[in-house]
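User: I should like to learn how to read the features of a protein model. Could we work through one together?

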Amino acid sequence: MQDRLTEARGILADVPRHPESLVILAARVVAGQTDDSGECADAIDLLRLLDRRPLHAIAAAAFAKGGAA
C-alpha cells in the first residue's frame, strides 16, 4: 500500500504530464490512503475538478470502508 501511495503522490506532483484518468485514480488513492488531512482535502478538491460523478459517489469510492482504517 505504501508503494501505491508513493506512486500516486508522484503522479499528483506532476499532473500535466499524466492523462486525466490516471490523475483521477491517483487522487482516489491519496484521498483513501493518506493520514494527512490536508493532503486528503487537496486530493478531494482535485477530484471535484476532474471527476464528473457527484461528490457523494467520489467520497464513497475514496473511502470504501466509510473512513475506517
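**Reading helix α1**

Analyst: In helix α1, the buried residues are Leu5, Ala8 and Ile11. Buried means under 20% relative accessible area, exposed over 50%, and partly exposed in between, with a 1.4 Å probe and protein chains only. Helices are DSSP runs of H or I with at least four residues, numbered from the N terminus. Seen down the axis of α1, the buried residues fall within an arc of 120°, so they line one face of the helix. This arc is taken over the directions from the helix axis to the C-beta atoms.

User: Which exposed residues does the face of α1 turned away from its buried side carry?

Analyst: That face carries Gln2, Asp3, Glu7 and Ala13, which are exposed. The buried residues of α1, for their part, pack against α2.

User: What span should the 12 residues of α1 have?

Analyst: The expected span of a helix is 1.5 Å times one less than its number of residues. For α1 this gives 16 Å, and the end C-alpha atoms are 16 Å apart, which agrees.

User: How should I judge the confidence of the model?

Analyst: This is a predicted model, in which local features need pLDDT of at least 70 and side-chain atom pairs count only at pLDDT 80 or more, while totals for chains, interfaces and linings use all residues. Residues are numbered from 1 along each chain as its sequence is written, and side-chain values use heavy atoms, with hydrogens and water left out. The predictor's confidence in each residue is its pLDDT, from 0 to 100. Where pLDDT is low, the predicted coordinates should not be read in detail. Here the protein chain has a mean pLDDT of 85, and 81% of its residues reach 70 or more.

User: Which residues touch the most other members of the largest nonpolar core?

Analyst: A nonpolar core is a set of buried Ala, Val, Leu, Ile, Met, Phe, Trp, Tyr and Cys residues joined through side-chain atoms within 4.5 Å. The largest one has 14 residues, of which Val30, Ala31 and Ala43 touch the most other members. The elements that give two or more residues to this core are α1 (2-13), α2 (20-33) and α3 (37-50). The largest share, 6 residues, comes from α2.

User: What does Val30 touch?

Analyst: Contact means heavy atoms within 4.5 Å. Leaving aside residues up to four places away in sequence, Val30 touches Leu5, Ala8, Arg9, Leu12, Glu39 and Ala43.

User: How many salt bridges does a search of the whole structure find?

Analyst: Side chains of opposite charge can pair when their charged atoms come close. A salt bridge is a side-chain nitrogen of Lys or Arg within 4 Å of a carboxyl oxygen of Asp or Glu. The search finds 3 of them. In one, the side chains of Glu39 and Arg9 meet at 2.7 Å, N to O. This pair links distant parts of the chain, with Glu39 in helix α3 and Arg9 in helix α1, 30 residues apart. Glu39 is partly exposed at 22%, and Arg9 is partly exposed at 33%.

User: Where do Arg48 and Asp45 lie?

Analyst: Both lie in helix α3, 3 residues apart, about one turn of the helix. Another salt bridge joins Arg17 and Asp14 at 3.7 Å, N to O. Arg17 is exposed at 68% relative accessibility, whereas Asp14 is partly exposed at 30%.
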